[in-house]
Amino acid sequence: MIIGITGTPGTGKTSACALIKDVLDLNELVKKEGLHLGVDRTRGSLIADMDSVYDRIQEIAQGRKGDLVVEGHLSHHVCDVAIVLRLLPDELERRLQERGYREAKILENVEAEVVDVILVEAVEWCDWVYEIDTTGKTVEEVADTINEILGAIGRGITVRGYEPGSVDWLGLAETSSDIAPLQRGLQ
Ligand code: ADP
Ligand code: MN
């Protein structure tokens, strides 16, 4: 089985997965093996060749005994079970600003987080989806939660409390007046 750890850029996938054993970094694989179609000039990022990525991930998964765990914001396109990391949009905005992203790129990602883009794609593409609200969690806590879910998957049991739909930034925006990026994302 292939398990994908996904989420909007900045939600903390790479940081948490650095504390988890044996996770394949999908962005690294795309770069290292040239599994791309070129550079997206407006975004300044590589355009992944998803057909090649899919085939390569299947090949790697078939070559191993246990589950393959893949990390990256595209991993839900190639996995059976997705673990989607979520982050309060105003915290996401702060992190992406710290990363030095351009305003347009920040807004694009904050908007995507607000309207659950990756979650919806994961539900569409994957057999099973878990969702973790990482807001206020340390990197260690996020890694522990991912490990708890991976452990349960390995034992063939389901964990409760991480069902898709448990995070609702739009609902929060309706009841809170001070979440500026949420409101900007909706304009
Ligand atoms: P992703 O891989 O999802 O794009 P990263 O792991 O690269 O996200 O993290 C983005 C930024 O957020 C980094 O600067 C990182 O240090 C910070 N970060 C990641 N996880 C946490 C966390 N749980 N709490 C606080 N900051 C975090
Ligand atoms: Mn990353």
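Which helix gives the most to the lining of the largest cavity? We'll get there in Exercise 1.

Before you start: this is a predicted model, where local features need pLDDT of at least 70, side-chain atom pairs count only at pLDDT 80 or more, and totals for chains, interfaces and linings use all residues. Residues are numbered from 1 along each chain as its sequence is written, chains are lettered from A and ligands numbered from 1 in the order written, and side-chain values use heavy atoms, without hydrogens or water.

**Exercise 1. Work out what lines the largest cavity.**

Step 1. On a 1 Å grid over the protein atoms alone, a cavity is a set of points where a 1.4 Å probe fits but cannot get out, and lining residues have an atom within 4 Å of a point. The count is one cavity of 30 Å³ or more, and the largest holds about 30 Å³ of space (the volume filled by probe spheres set on points joined across faces, edges and corners).

Step 2. Its lining includes Thr 8, Val 84, Arg 86 and Asp 116.

Step 3. Strand E6 (81–86), helix H5 (103–114) and helix H6 (117–125) give two or more residues each; helices (H or I, at least four residues) and strands (E, at least two) are DSSP runs numbered from the N terminus. H6 gives the most, with three residues.

**Exercise 2. Describe the pocket that ligand 1 takes up.**

Step 1. A pocket is an open set of grid points with protein on both sides within 12 Å along at least five of seven lines. A molecule sits in one if more than half of its atoms lie within 2 Å of its grid points. Ligand 1 takes up the largest pocket.

Step 2. That pocket has about 1,100 Å³ of space. It has 40 lining residues, and Pro 9, Lys 13, Asn 27, His 73 and Tyr 101 are the closest to its centre.

**Exercise 3. Find what surrounds ligand 1.**

Step 1. Look for residues with a heavy atom within 4 Å: among them are Pro 9, Gly 12, Thr 14, Arg 99 and Val 139. Helix H1 (residues 13–17) gives the most to this shell, with three residues.

Step 2. Now check polar contacts to the ligand (pairs of N or O atoms within 3.5 Å). Oxygen atoms of ligand 1 lie 2.8 Å from a backbone N or O atom of Gly 10 and 2.8 Å from a side-chain N or O atom of Lys 13. A polar side-chain atom of Arg 95 is 3.4 Å from a ligand nitrogen.

Step 3. Taken alone, ligand 1 exposes 560 Å², and the protein buries 70% of that (Shrake-Rupley method, 1.4 Å probe).

Technical notes:
A polar contact is a pair of N or O atoms within 3.5 Å; within protein, one must be able to donate a hydrogen and the other to accept it, and residues adjacent in sequence count only if both atoms are side-chain atoms.
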